[in-house]
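Please read the points below with the model open beside them. They are arranged by topic, for someone who has not seen this structure before.

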Amino acid sequence: MQVLVVGGGVAGLGAAVTLSRAGHRVTVLERDDTPTPATPDDAFAWDRRGAPQVRHSHAFLARLRNLLRDHYPDLLADLLAAGATEMPFGTDLPPTLQGYQPEPGDEDLVMLACRRTTFEWVLRRAVLRHPQVTVRTGVAVAGLVAGGDSSTPTVTGVRLADGGTLEADCVVVAAGRRSALPDWLGELGVTDLEEELDDTGIVYYSRFYRLREGCDAPPRAGLVGGDLGYLKYGVFIGDNRTFSITLASPVDDDDLRRRLADPVMFERAARQLVVAAPWLDGRSEPLSPDVHVMAGLLNRWRPLVSNGVPRVLGLHAIGDAALCTNPLYGRGCTTGFWHAHLLAEAVGAAAGDPVARAVALDTATRLHLEPWYRAAVTNDAEARRVATALLQGDDPDATGDERAFMRGVFRDGLAPALRTDAVVLRAFVRTLNLLDPPTALLTDPDIVGRVMKVWSEREQRAPEPPLGPPTRAALIATLAA
């Protein structure tokens, strides 16, 4: 089968990898005119205007690492050779943790430390080596070519911005969260997609650093991210002695947004966070002078099959073009490559039947990926509620309703349990890494019981150590000093 892939990011290159290795001929069309850099560090300067998020923090979760280990071991070896490192569960645990013993399954709990640009660089080089793949850069797609029944068009190729066309047996759109796919489908008469959009309510700011020669990374003890209500944050380990810090402010907090976009204030804010401060104690230097800012962040669900009936044939959307969640959760690269793997499985099961192929991919997407979209929407709604209350000077827990109760359980039960109970931490990390469903923590009686026990003892223990400025006003005062 001849396949056209629109988009040369993680999902698009992932589709090229998975489909070519299944015997299909693949052409990748990448709008950005981006020759392949020579090294991972050169790739960090890649001109990827079509993917502005490449120089933001990214996580490469155990779900992705295990896919590579089990199905694409050469890619995993290439990543490690390029400077990525594995981060197994059981290392860098909190010193307060009680009862940790390795268990069967822990070998699957391994994340990858890597920059997004390095990951994409390794994928690009792998597909360029494959005789069944052609990568064309600087080629923009302007629309789709289709025939068949107008009520369910069959895509037979793409229309290029230069006026030319390319034919294919199958078109895969992997053009990211800003994809023009709805417009392209609208031109074919498909105008009523069941698309869902949900604003994450945040703007995020990232800056990359490299450890200085002779300096080591500071000790890590447990989770390296968190939420102060008025500010979310994370430290992400990269390849080749790099790391990044990401801060996220509410979209309505114009004052904080303005301050965090300034490199001096960004670093001053990061130094107030317990997990970030040790990385900025003189052992590192910035990789770029600017803070990278990204707004317009949405959760999106865009199925192309409705009630078991495909809206279009011969075309599939994967990655952020089909489903994306709040990037602060760090799932995008993992779900994008996973989606490409699911596509290859669907094609393998029904390559000659476009209806069965579309339904197979939709079924797999709903089973494996949609739950993470639903979880993101729910979590972000609560985060927006808390951030709005804090910005207005209100107490987000004053409502006394179920949401306030659950917030208290997470703050005074789950958070301390993650530092003291190995069973709770393992379960949390498995969910964080997409190995267990997003509902696993709330439906496991043992985990719920352990968390509630810690919560019930909240009055008998010392106050939780502060992870950063206790209030937004305290942070603003620090930044204004």
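**Notes on the predicted model**

1. Val-141 stands opposite Leu-160 in strand S7, and this pair belongs to the antiparallel pairing of strand S6 (residues 141–147) with S7 (residues 154–160), which runs over six bridges. Strands pair, in the sense used here, if DSSP finds at least two bridges between them; helices (H or I, at least four residues) and strands (E, at least two) are DSSP runs, numbered from the N terminus.

2. The model is a predicted one, in which local features need pLDDT of at least 70 and side-chain atom pairs count only at pLDDT 80 or more, while totals for chains, interfaces and linings use all residues. Residues are numbered from 1 along each chain as its sequence is written, and side-chain values use heavy atoms, with hydrogens and water left out.

3. The open sheet to which S6 and S7 belong has three strands in the order S6-S7-S8, with antiparallel pairing. Strand S6 (141–147) and strand S8 (165–167) stand at its edges with a single partner strand each, so one side of each is left without a neighbour in the sheet. From one strand to the next the twist averages 30 degrees, where angles run from 0 to 180 degrees between N-to-C directions and axes are lines fitted to C-alpha atoms, for helices over the stretch in contact.

4. Another open sheet of three strands has the order S10-S17-S21, again with antiparallel pairing. S10 and S21 stand at the edges, each with a single partner strand, and one side of each is therefore left without a neighbour in the sheet. Helix H11 packs on this sheet, touching S10, S17 and S21, and its direction makes about 150 degrees with that of S17; contact here means heavy atoms within 4.5 Å.

5. The pairings inside that sheet can be followed residue by residue. Strand S10 (residues 196–199) and strand S17 (residues 298–301) pair over four bridges, with Arg-300 in S17 as the bridge partner of Leu-197. S17 and strand S21 (residues 323–324) pair over two bridges; Trp-301 has Leu-323 in S21 as its bridge partner, and Arg-300 stands opposite Cys-324 in S21.

6. How do the axes of helix H10 (residues 354–368) and helix H11 (residues 370–391) cross? They come within 4 Å and cross at roughly 40 degrees, and the two helices are therefore oblique to each other, given that angles under 35 degrees count as roughly parallel, over 145 as roughly antiparallel, 65 to 115 as roughly perpendicular and the rest as oblique. Thr-365, Arg-366, Leu-367 and His-368 in H10 meet Glu-370, Pro-371 and Trp-372 in H11.

7. In helix H3 (residues 62–71), Ala-62, Leu-64, Arg-65, Asn-66, Leu-67 and Leu-68 are buried, where buried means under 20% relative accessible area, exposed over 50% and partly exposed in between (1.4 Å probe, protein chains only). What covers these residues includes helix H4 (73–81), strand S3 (85–88), strand S4 (110–113), helix H5 (116–129) and helix H9 (332–350).

8. The largest nonpolar core has 57 residues, and those with the most contacts inside it are Leu-68, Phe-119, Ile-318 and Phe-337. H9 gives the most to this core, with nine residues. A nonpolar core is a set of buried Ala, Val, Leu, Ile, Met, Phe, Trp, Tyr and Cys residues joined through side-chain atoms within 4.5 Å. Leaving aside its neighbours within four places in sequence, Phe-119 is in contact with Val-10, Phe-60, Leu-64, Leu-68, Leu-79 and Cys-114. Apart from this core lies another, of 28 residues, among them Tyr-230, Leu-231, Ile-237 and Val-291.

9. Two residues deserve a look at their backbone. Most residues other than glycine have a negative phi. Arg-241, in the loop between strand S13 (232–237) and S14, has a positive phi near 65 degrees and is partly exposed, with a relative accessible area of 37%. Asp-92, in the loop between S3 and S4, has a positive phi near 55 degrees and is partly exposed at 35%.
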